[in-house]
Amino acid sequence: MEKPHGALAPAQPHRRLLPSFLFDTEQPKTFYVLKTWLLTFIPSIVLGAVITGLAPAAPMPEFGGTGLAVYLLLILFAPVVETFIMVPPLLLLNRLFGETAAVVGSALLWGLLHSWAVPIWGLIVWWPFLIFSTIILAWRRISLATGMVLTIAVHALQNGVAGFGLLVG
């Protein structure tokens, strides 16, 4: 028997490991975005601190400048473009291998893509992309567009706070 369009099977391992609110599509979207952003941001900060502590001389990402223009690219352009690029492979992985493999595969893929720019970066960004991928699959039951908008919002907050130093120079 085929599962409903976009439904997440309760037995999926990632559902047992991640907070249940992440899969709750009946909560207010603003509250969901804020909680989910904290779920991406806090572990990213911890990962970044651990990795920087282990490899203090490793290069960190550079964005070709500072100021408002670079900051806006980071919080507006990147989340939109990366979400639109992320969706087709994520949905294909989901169809072929199931939700857990899709979420983990997407996170690993985005970690590798970010590592091409700066190797250490991928060790940090895999976590947010695991959550972004989960958002899309969870909210796809409501609509793919809703999942994408929520992902873009969480991603923009992630980049906005993480990249605040670019704004202030």
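This is a predicted model: local features need pLDDT of at least 70, side-chain atom pairs count only at pLDDT 80 or more; totals for chains, interfaces and linings use all residues.
View 1. Val 46 is a residue of helix H2, which covers residues 29-54.

**View 2. Overall fold of the protein.** The secondary structure consists of 7 helices and 0 strands, giving the pattern α-α-α-α-α-α-α along the sequence. Of the 169 residues, 46% count as buried. The accessible surface amounts to about 9100 Å², and carbon and sulfur atoms account for 74% of this area. Among contacts between residues at least 6 apart in sequence, 74% link residues at least 24 apart.

**View 3. The largest nonpolar core.** This core has 30 residues, of which Leu 18, Leu 22, Leu 130, Ile 131 and Ile 135 touch the most other members. At least two core residues are supplied by each of H2, H3 (68-97), H4 (99-117), H5 (122-139) and H6. H5 provides the largest share, 11 residues.

**View 4. Surroundings of Leu 22.** Leaving aside residues up to four places away in sequence, Leu 22 touches Tyr 32, Thr 36, Leu 39, Ile 131, Thr 134, Ile 135, Ala 138 and Trp 139. Two of these partners, Ile 131 and Ile 135, are listed with Leu 22 among the core residues that touch the most other members.

**View 5. Helix H6.** H6 comprises 19 residues (144-162) and spans 27 Å from its first C-alpha to its last, close to the expected 27 Å at 1.5 Å a residue. Buried residues of H6 include Thr 146, Gly 147, Met 148, Leu 150, Thr 151 and Ile 152. Further along H6, Val 154, His 155, Ala 156, Gln 158, Asn 159 and Gly 160 are also buried.

Definitions and conventions. Residues are numbered from 1 along each chain as its sequence is written. Side-chain values use heavy atoms; hydrogens and water are left out. Helices (H or I, at least four residues) and strands (E, at least two) are DSSP runs, numbered from the N terminus. The expected span of a helix is 1.5 Å times one less than its number of residues. Buried means under 20% relative accessible area, exposed over 50%, partly exposed in between (1.4 Å probe, protein chains only). Contact means heavy atoms within 4.5 Å. Accessible areas come from the Shrake-Rupley method with a 1.4 Å probe; for residues, only the protein chains shown count as cover. A nonpolar core is a set of buried Ala, Val, Leu, Ile, Met, Phe, Trp, Tyr and Cys residues joined through side-chain atoms within 4.5 Å.
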